[in-house]
Amino acid sequence: MIEVRELTKSYGPTLAVNNVSFNANIGEVVGFIGPNGAGKTTTMRILTCYLTADAGTATVAGFDVLEHAIDVRKNVGYLPESAPLYADMGVVEYLKFMAEIREIPKTRRKERIRTVVDICGLEGVIQKDIGELSKGYRQRVGLAQSLIHDPPILILDEPTSGLDPTQTIEIRNLIKEIGTEKLVLFSTHILPEVAATCSRILMISRGKIVANGTLEELINQVRSENKLHVAIKGTEDEITTKLRGLDGITGVTPVKTDNGIVRYEITTTHEGPDATGAIFNAAVQNRWDLVELHEESIDLEQIFLHYTTGQISGTPTKSVVNEDIDSTEEE
Amino acid sequence: MQNINTIFKKEFRSYFNSPIAYIFITFFLGISSWLFFQTFFFSNQAEMRGFFGLMPWIFLFFIPSVTMKLWAEEKKMGTAEILMTLPIRDYEVVIGKFLASFGLLAVSVLFSLGIPISVALLGDPDGGTIVCGYLGLLLMGGAYLAIGMFASTLTENQIIAFIIGITTCFVLLIIGTDYVLFSAPDWLYPIFSYLGLGVHYSSILRGVIDSRDIIYYLTIMGFFLYISTLMVESRKWR
């Protein structure tokens with residue numbers, strides 16, 4: 001439904017979008033994530049035919065953004081960053097205007113407005129002017145506007161920025177719900193949001209797509225080895241030697257000792273025997289007091305850092321993916 | 001056509017949703033009536049030449065204040081991004097906005113009909129010249145509006161749009177005045193006297209409707225609406 005091929009756009013000397021390619025289909029919620037100024041908004045503006053790319057092609061709903069801009073726009077609902085709306089219009093007046101310009105037949109307008117008011121939870125504010133609304137409600141009116149013509153594709157630029165936690169959760173749930181039957185492409189720089197809502201993640205950094213896949217795929221790509229944190233009460237030398245002898249363990253580093261408790265950082269192979277179990281069994285056999293044993297989880301923040309800066313905090317590992325990125329950057 | 005109508009309705013309503021329309025109509029009528037009636041009773045003539053004569057100068061300040069927000073505000077507030085990603089063409093928005101500002105002007109001019117009615121009650125004015133005068137007023141007003149709107153496409157700052165609008169109108173107005181025409185070199189004379197915003201208006205005021213005068217104003221409107229559209233599209237230039 002969205003097909004982007006080698007899209008490039010620069011503002012003067014600044015390259016905002018650099019050779020970006022990706023696909024997205026109906027039923028997907030695609031999270032477009034990247035630091036500020038990474039090129040998210042510019043890409044979205046090109047997809048909605050607000051701006052024109054310098055090079056490359058993009059088709060949205062089967063229409064080329066250059067050749068058939070009007071058809072593209074008919075199939076897209078767009079909410080720009082910070083939901084810019086006409087402050088002097090009433091909520092209903094605004095939605096009526098949008099329904100009219102979206103060419104919804106007169107007989108269906110009322111019903112459509114009622115539907116989006118319902119979906120976006122606007123019942124309480126329909127009497128008000130947009131200028132009187134709080135940020136959260138304004139965002140919802142913006143969303144309602146983008147849904148009014150029931151488009152197959154929704155493009156939302158930071159739909160949750162500036163909202164309080166409750167509102168954020170509501171909007172996220174809404175996006176998830178909508179995403180079951182539409183294609184939603186939304187941008188954010190809030191990482192947990194992506195984990196909470198997206199079926200796929202597109203990471204963009206300095207104008208380039210650096211990662212594209214589900215959350216699990218990204219985690220697996222980043223993780224070439226697991227890391228365990230272990231704390232055991234006992235004699236350091238003895239424990240260290242015994243741990244080193246276990247299957248599947250590639251490295252044992254004592255971190256610190258206090259009150260007779262030794263803390264270790266243990267690296268294990270990604271695929272292979274269950275090192276956690278082995279450590280536990282060793283502790284039982286040797287009658288060590290196992291104080292702590294847990295796997296270090298890689299979260300999105302680390303993945304993000306990995307892809308945007310090329311390293312994972314604390315682990316100086318260089319994964320295959322990482323090298324791939326380096327090599328593409330040199331091209 | 002449908003889209004132009006939708007944009008027109010939205011923009012026209014937005015003038016009346018905000019105080020702009022009311023302030024504009026009140027001050028326009030107040031100032032023009034006051035200036036007119038001030039001399040009307042001295043001259044003791046049942047005619048409106050004084051009223052129409054003032055208009056190029058009153059428009060100079062009033063019209064850019066109506067048009068300054070048309071694009072500058074959209075750009076500043078970011079609403080242009082939604083508007084220009086709707087399934088409508090840029091020129092449809094330009095024309096819709098222009099017609100809305102023209103609508104406000106027409107309403108104001110309509111309210112000023114109290115003046116010819118008073119004049120008719122007091123004396124026996126020449127109806128033909130008054131009708132011509134109003135026609136000229138709308139044509140000239142349309143040209144000012146198109147220029148003012150173009151100024152608004154250039155910037156996201158309404159004050160700057162206002163000043164550019166006034167300056168452009170002012171320059172186009174004075175090049176047609178006798179003072180400038182007499183001091184201009186000979187070869188510029190016909191150009192200036194053709195381009196002057198007020199020249200054709202004065203000729204319409206004489207009560208003779210010449211198609212060239214009408215074409216002049218329609219051309220000015222068309223030209224500035226065209227370059228406004230180009231400016232709006234300029235975001236897509238590469």
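Q: Why is Arg200(A) called buried?
A: A residue counts as buried if 20 or more other C-beta atoms, placed from the backbone, lie within 10 Å of its own, as exposed if 12 or fewer do, and as partly exposed in between. Arg200(A) has 21 C-beta neighbours inside 10 Å, so it is buried. Keep in mind that this is a predicted model, where local features need pLDDT of at least 70, side-chain atom pairs count only at pLDDT 80 or more, and totals for chains, interfaces and linings use all residues. Residues are numbered from 1 along each chain as its sequence is written, and chains are lettered from A in the order in which they are written.

Q: Which residues does Arg200(A) touch, not counting those up to four places away in sequence?
A: They are Glu28(A), Val30(A), Gly213(A) and Thr214(A); contact means that the C-beta atoms, placed from the backbone, lie within 7 Å. Arg200(A) itself is found in strand S9 (residues 200-205) of chain A. Strands here are DSSP runs of E with at least two residues, helices are runs of H or I with at least four, and both are numbered from the N terminus.

Q: What makes S1(A) and S2(A) a pair?
A: Two strands pair if DSSP finds at least two bridges between them. Strand S1 (residues 2-11) and strand S2 (residues 14-24) of chain A are joined by 7 bridges, so they pair, and they run antiparallel. In one of these bridges, Tyr11(A) has Thr14(A) as its partner. The hairpin has 2 residues between the strands, and Gly12(A) takes a positive phi near 60° there.

How values were computed:
Two residues are in contact if their C-beta atoms, placed from the backbone, lie within 7 Å.
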